[in-house]
Amino acid sequence: MEDHAPLISIIVPVYNTARWLPRCLDSIQNQTFTDWECILSDDGSTDESGVICDEYAAKDPRFRVIHKENGGVSSARNAGMDAARANVLVFADADDAVAPDLLELAMGLLEQEPEAMVLW
């Protein structure tokens, strides 16, 4: 089976957000649009955040984890962008929760206007 490149790469920088991270990852996992990957860039967390990332990746192959030395949120986002396989990038913070149809609506807008930049 060929490795399928997803249409969307969601990049989530993670640093000591164990308290909020499951809510964020559940909201991503429950998207109505399903052709995505989520890159969790663990920026040297000292709490259970890294373990939570690994648990989600073990249960759902659309989640991928990068464990890196702490370098700050920009460093974590850049590591996620370097690992992204899709042409469409979406950024979420580890304490965010997104609406279940967020990706579906964004992709619909991009289909209507392929050169547009969708921001929220």
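Which strands does helix 2 lie across? Helix 2 (residues 49-59) lies across strand 1 (8-14), strand 2 and strand 3, where helices (H or I, at least four residues) and strands (E, at least two) are DSSP runs numbered from the N terminus. The model is predicted, so local features need pLDDT of at least 70 and side-chain atom pairs count only at pLDDT 80 or more, while totals for chains, interfaces and linings use all residues. Residues are numbered from 1 along each chain as its sequence is written, and side-chain values use heavy atoms, with hydrogens and water left out.

- The open sheet has 4 strands in the order 3-2-1-4, with parallel pairing; two strands pair if DSSP finds at least two bridges between them.
- Strand 3 (63-67) and strand 4 (88-91) are at the edges with a single partner strand each, so one side of each has no neighbour in the sheet.
- From one strand to the next, the twist averages 25 degrees.
- Strand 2 (residues 36-42) and strand 3 run parallel and are joined by 5 bridges.
- Ser-41 stands opposite Ile-66 in strand 3.

**Helix packing**
- Helix 2 runs at about 150 degrees to strand 3; axes are lines fitted to C-alpha atoms, for helices over the stretch in contact, and angles run from 0 to 180 degrees between N-to-C directions.
- The axes of helix 1 (residues 21-29) and helix 2 come within 10 Å and cross at roughly 20 degrees.
- Helix 1 is therefore roughly parallel to helix 2 (angles under 35 degrees count as roughly parallel, over 145 as roughly antiparallel, 65 to 115 as roughly perpendicular and the rest as oblique).
- Helix 1 contributes Leu-21, Pro-22, Leu-25, Asp-26 and Gln-29 to the contact, and helix 2 contributes Ser-49, Ile-52, Cys-53 and Tyr-56; contact means heavy atoms within 4.5 Å.

**Arg-77**
- Arg-77 is in helix 3 (residues 73-83).
- Its relative accessibility is 24%, so Arg-77 counts as partly exposed (buried means under 20% relative accessible area, exposed over 50%, partly exposed in between, with a 1.4 Å probe and protein chains only).
- Arg-77 touches Ile-11, Pro-13, Phe-91 and Asp-93, not counting residues up to four places away in sequence.
- The C-alpha atoms of Arg-77 and Ile-11 are separated by 6.7 Å, although these residues are 66 residues apart along the chain.

**His-4**
- His-4 is in the segment before strand 1 and, at 48% relative accessibility, counts as partly exposed.
- Neighbours within four places in sequence aside, His-4 is in contact with Asp-35 and Arg-85.
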